[in-house]
Amino acid sequence: MLAFVCVHGTAIAATVDIAITDTNGKPAANAIVSLAAENGATPAPANIPNEATIDQRNQMFVPLVVTIRKGGHVVFANNDATMHQVYSFSPIKQFEYEIRQGEKSPPVVFDKPGVAAIGCNIHDNMVAFVYVADSPWTVTTDEQGHARIANVPAGAYRASVWHPRLAPGRAPPTAELQVSGDSAKLSLPVPLLGGAMPGMKHSHSQDY
């Protein structure tokens with residue numbers, strides 16, 4: 001993958017501006033970008049949320065993607081007009097809860113890094129994702145495919161990108177990033193599947 005990196009200034013820590021697109025140049029919302037220091041430094045991801053809530057409305061999970069730090073937890077709320085059976089068979093976390101209208105699940109703790117695909121046993125079209133970060137430099141792109149990571153120390157990094165529409169079996173795209181000033185830019189195209197988001201029983205995402 002081609003990455004464009006630009007750095008300026010002499011500050012110790014930088015702000016990294018990120019732009020993620022698909023291979024046609026269209027913005028890629030809900031992409032998770034994570035930086036790993038080449039020297040192996042892994043500060044605790046204190047700036048990553050320790051908890052998140054995934055709601056259920058109109059037979060959809062909202063939001064589609066949440067990011068929490070390793071050891072954090074997610075609560076699943078049901079504000080829909082019907083019961084849901086929320087589950088995950090992902091390698092990093094397996095669970096299943098029956099959640100009636102107006103109820104919430106107990107906090108589900110995610111103590112392994114990676115991605116967990118979430119589904120509903122009653123409604124196959126429902127899908128959501130929990131990204132469990134072990135890097136403090138992890139962000140989610142907005143609707144324009146943009147994100148920003150602040151306070152990145154000078155040094156060499158490997159940037160990796162995960163997205164719910166990555167092709168089956170494809171490793172997350174990566175790029176090298178050298179930070180030596182007060183700002184840096186990372187622009188990376190990623191190969192994404194087109195069409196509607198597949199349901200859990202028809203999606204490669206359940207293999208995460």
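User: In this predicted model, which residue of β11 stands opposite Y87?

Analyst: Good place to start. Two strands count as paired when there are at least two bridges between them. Here, Y87 stands opposite G119 in β11. Strand β8 (residues 84-90) and strand β11 (residues 114-120) are joined by 2 bridges.

User: And how do β8 and β11 run, parallel or antiparallel?

Analyst: β8 and β11 run antiparallel.

User: How many bridges join β8 to β9?

Analyst: There are 7 bridges between β8 and strand β9 (residues 93-99), and this pair is antiparallel too. For one of the partners, look at F89: its bridge partner in β9 is Q94.

User: Okay, how many residues of β8 are buried?

Analyst: To call a residue buried, you want its relative accessible area under 20%. In β8 that goes for 5 of the 7 residues, so the strand is mostly covered.

User: Which residues is A156 in contact with, leaving aside its neighbours within four places in sequence?

Analyst: Contact here is about heavy atoms within 4.5 Å. With those neighbours set aside, A156 is in contact with A36, A37, E38, L177 and Q178. Take A36: it sits 120 residues from A156 along the chain, yet their C-alpha atoms are separated by 8.6 Å.

Definitions and conventions
Residues numbered from 1 in each chain as written. Predicted model: local features only at pLDDT ≥ 70, side-chain atom pairs only at ≥ 80, totals over all residues. Heavy atoms only, no water. Buried < 20%, exposed > 50% of the residue type's maximum accessible area, 1.4 Å probe, protein only. Helix = DSSP H or I, 4+ residues; strand = E, 2+ residues; numbered from the N terminus.
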